[in-house]
Amino acid sequence: MVASLCRAASPRVTLVESYHADFEWDVQYRQGLMDRLGGRVRLESLQLDAKHLPAEAVNLRAGQILQTVVLRPPQLLIVGDDAALKLVGAPAAESGVPVVYLGINGNPRAYFHAQPRNVTGVLERPLIQRSVAELSSSVPGLRRALVMLDCDFTSDILRSDSLQGKESLQVGSVAVDVFQACRFADWQRMLAQAPDTYQAVWIGLYQALKDEQGRPIPDKEILAWTSAHARLPLFALWRYAVGKDKAAGGMVISGRDQGIAAGELAEKILFEGRKPGDLYPVTPNTGQFVFSKSSLTRFGISLPERVRRKAEWIE
């Protein structure tokens, strides 16, 4: 549960991750943090494992971590994603601990009784509508697209905030339907049925999918299965889902960018003496085209030249 990422001299920084240590999103943003903070801090990492554990267990673990943080406050508490902000970051901040958040899909103010002056952070805004709009010309005859999500807390927020809580929305000439699954079997069933109605699929979050006994399934296994069984062009919203035997690409966001942005805020607080409340929350970028050449070929996707010129290639 505790991983020491750096043993250099103080200040001491505690990172509370909503998810699990080997989740690629967490790996990316931890790397971004260390790229900025390097050997100048002692960074310890604690995980809530909210993708795998039931809510009761997550709440229990969050309470234990919160007690540790409040009794022995670090110089800075960094919380990754909405669950960690809600369950640990907000109450810790209200007890006086300085907090930097990252990967927040919801409105951060919603997690506080009153907005404290010792908090700032980094917002995460997946680009569903823009991705569909930018890539619609890559799929001839695209009239209806499917966005697939799990039923995790973050997916609920994404649907509520980015999609206005709707099951369907219109993006230009494309009708976009949103499907949420709790069980992997339902995810599999929808993917198999998708060609009857849709011409392309965007995958969002899938790491919280469970088997029929309610047990978590390794996210790499879910992504590999989805790629192997997709019969429609498959796009992604997060960088970690793009690659060979993954999604073909998309207008994606990166965990590393989140970590770098949070690291820059931490630098100002720890080494420049800035107060968190004086630093405005940031959104690191507006997304980037990232594609896999082999997956583009496999799914028969031909990118317009304006997209190819701006794209980063995984391979």
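Two strands are said to pair if DSSP finds at least two bridges between them. Welcome to a predicted model, in which local features need pLDDT of at least 70, side-chain atom pairs count only at pLDDT 80 or more, and totals for chains, interfaces and linings use all residues. Residues are numbered from 1 along each chain as its sequence is written, and side-chain values use heavy atoms, with hydrogens and water left out. Helices (H or I, at least four residues) and strands (E, at least two) are DSSP runs, numbered from the N terminus.

- Strand β4 (residues 76–80) is largely enclosed by the rest of the structure, because 5 of its 5 residues are buried; buried means under 20% relative accessible area, exposed over 50% and partly exposed in between, with a 1.4 Å probe and protein chains only.
- In a regular strand, side chains alternate between the two faces of the sheet.
- Both faces of β4 are covered, with L76, I78 and G80 buried on one side and L77 and V79 buried on the other.
- Strand β2 (residues 12–17) pairs with β4 in the parallel sense over 5 bridges, and E17 stands opposite G80 in β4.
- Strand β5 (residues 99–104) also pairs with β4 in the parallel sense, over 4 bridges, and here L77 stands opposite V99 in β5.
- From β4 the chain crosses through helix α3 (residues 81–94) to β5 in a right-handed β-α-β crossover; right-handed means that, with the strands pointing away from the viewer, the path from the first strand over the helix to the second runs clockwise.

**A look at S155**

- S155 sits in helix α5 (residues 153–161), and its relative accessibility is 0%, so S155 counts as buried.
- Beyond its neighbours within four places in sequence, S155 is in contact (heavy atoms within 4.5 Å) with L149, D150, Q180 and L205.

- On a 1 Å grid over the protein atoms alone, a cavity is a set of points where a 1.4 Å probe fits but cannot get out, a pocket is an open set with protein on both sides within 12 Å along at least five of seven lines, and lining residues have an atom within 4 Å of a point.
- Grid points are joined across faces, edges and corners, and a volume is the space filled by probe spheres set on the points.
- There are 2 cavities of 30 Å³ or more, and the largest cavity has a volume of about 60 Å³.
- Residues lining the largest cavity include Y19, W25, D81, L205 and W238.
- The largest pocket has a volume of about 310 Å³, and of the 15 residues that line this pocket, A50, L53, A55, V58 and F153 are the closest to its centre.
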